[in-house]
Amino acid sequence: MTDSNMPLKGSKQRILNELCRGGFISGQQLGEKLGISRAAVAKHIKSLQQLGIEIFSVTGKGYCISGGLSLIDQQQVVASYLARGGHGALFESHPIVDSTNSILMRRLADKSSMASGTVIVAESQTAGRGRRGRTWQSPFGANLYYSYYWQLNDGLQAAMGLSIAVGLAIYDCIYNLYGKKVALKWPNDVLVNDKKLAGVLVELEGQPEGPCHLVIGIGLNFNMPANFEQYIDQPWTDLVKMGCKLDKNTLIAQLTRSLEIRLAQYSEFGLNQMYSEWNSVNAFRGELVNLMTGSKSWSGICEGIDQQGGIRLRCDGQCQTYYGGELSLRKVVK
Ligand code: BTN
């Protein structure tokens, strides 16, 4: 796919707009509104379902998206961001992309000029990417797919530990909007009762010295459709299950503000101020854990992070610190 967004075509978008309201509407009513046949309506419904949108069809009643669907409204995002004291971010919203991170990484590779603070959000990703080469399931309209471009001027070394600041920004955002405290799993998972609410994929481009370009990708579950559960291989939760009222536009605005504040803190102080804060919300604090790469694994009691963002494990009275984004931490099930 190219860098351009893939808009939904006229009739399909209009059918989706009707269904987003949440009630039932028959194929005949849709056909009359749009001036197309019922067969054409059925074809569009099928292709919307193929995007991962859960549309029910009930004989005698018609089509329905249970509970409706709220789509991103870029103007509302900007208004909410400005109302929260933001000023520097540039928002781009797309219906369907391959991956919001890939769009920004391609722009970096093409040397396209891009302002720090560029945000890309999408309703769906056809090739969403997770950490360690995994796929990130991205059904249409169901979750947040968000990427933020940021330039740091102190070389690659200064970017180490950034995931920690990003995790705290998501913590701040959820607490600010919903008054709920999430837990953070090193290096960058957001958990609620041991279930994953959000994941972060940070990608870098830069030299050991000089400017470093960072793409911060965040996937946050809103309302995962039941038909996607089968594709997810770890315990997960979403904002709806947590009883949080959804307003995607506000969430995007607040997440951007929370990121800006934590990134400014990070560029000034590194993790000096943040590492003890992170340790107080560490999901595995004092737990027996396994730390794994593809081929090696270490066990120990999770003691939290150091000031560089490395994870400290205590084993036989000795504390060892491990660094690197390709490591994965698991709690040992007793
Ligand atoms: C993880 O494995 O936990 C990280 C998941 C990161 C997913 C997000 S969704 C928006 C951005 N675009 C991607 O392709 N990945 C990240």
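This is a predicted model: local features need pLDDT of at least 70, side-chain atom pairs count only at pLDDT 80 or more; totals for chains, interfaces and linings use all residues.
Reader: Which two quantities describe a pair of packed helices?

Author: Two packed helices are described by the angle between their axes and by the distance between those axes. Here the pair to examine is helix 1, covering residues 10–20, and helix 2, covering residues 27–34, whose axes come within 11 Å and cross at roughly 130 degrees. That angle makes helix 1 oblique to helix 2, and their crossing is right-handed.

Reader: Which residues in helix 1 and helix 2 meet?

Author: On the side of helix 1 they are S11, R14, I15 and E18, and these meet L30, K33 and L34 of helix 2.

Reader: Turning to the cysteines, how many disulfides does the structure hold?

Author: A disulfide calls for two cysteine sulfur atoms within 2.5 Å, and the structure holds 0 of them. C64, for instance, is in no disulfide, and the nearest cysteine sulfur, which belongs to C20, is 11 Å away.

Reader: Do I read C64 as buried or exposed, and is C173 buried or exposed?

Author: Residues under 20% relative accessible area are taken as buried. C64 has 7% relative accessibility, so it counts as buried, and C173, at 1% relative accessibility, therefore counts as buried too.

Methods:
Residues are numbered from 1 along each chain as its sequence is written. Side-chain values use heavy atoms; hydrogens and water are left out. Buried means under 20% relative accessible area, exposed over 50%, partly exposed in between (1.4 Å probe, protein chains only). Axes are lines fitted to C-alpha atoms, for helices over the stretch in contact, and angles run from 0 to 180 degrees between N-to-C directions. Helices (H or I, at least four residues) and strands (E, at least two) are DSSP runs, numbered from the N terminus. Angles under 35 degrees count as roughly parallel, over 145 as roughly antiparallel, 65 to 115 as roughly perpendicular and the rest as oblique. A crossing is left-handed if the near helix is turned anticlockwise from the far one by less than a right angle, and right-handed if clockwise. Contact means heavy atoms within 4.5 Å.
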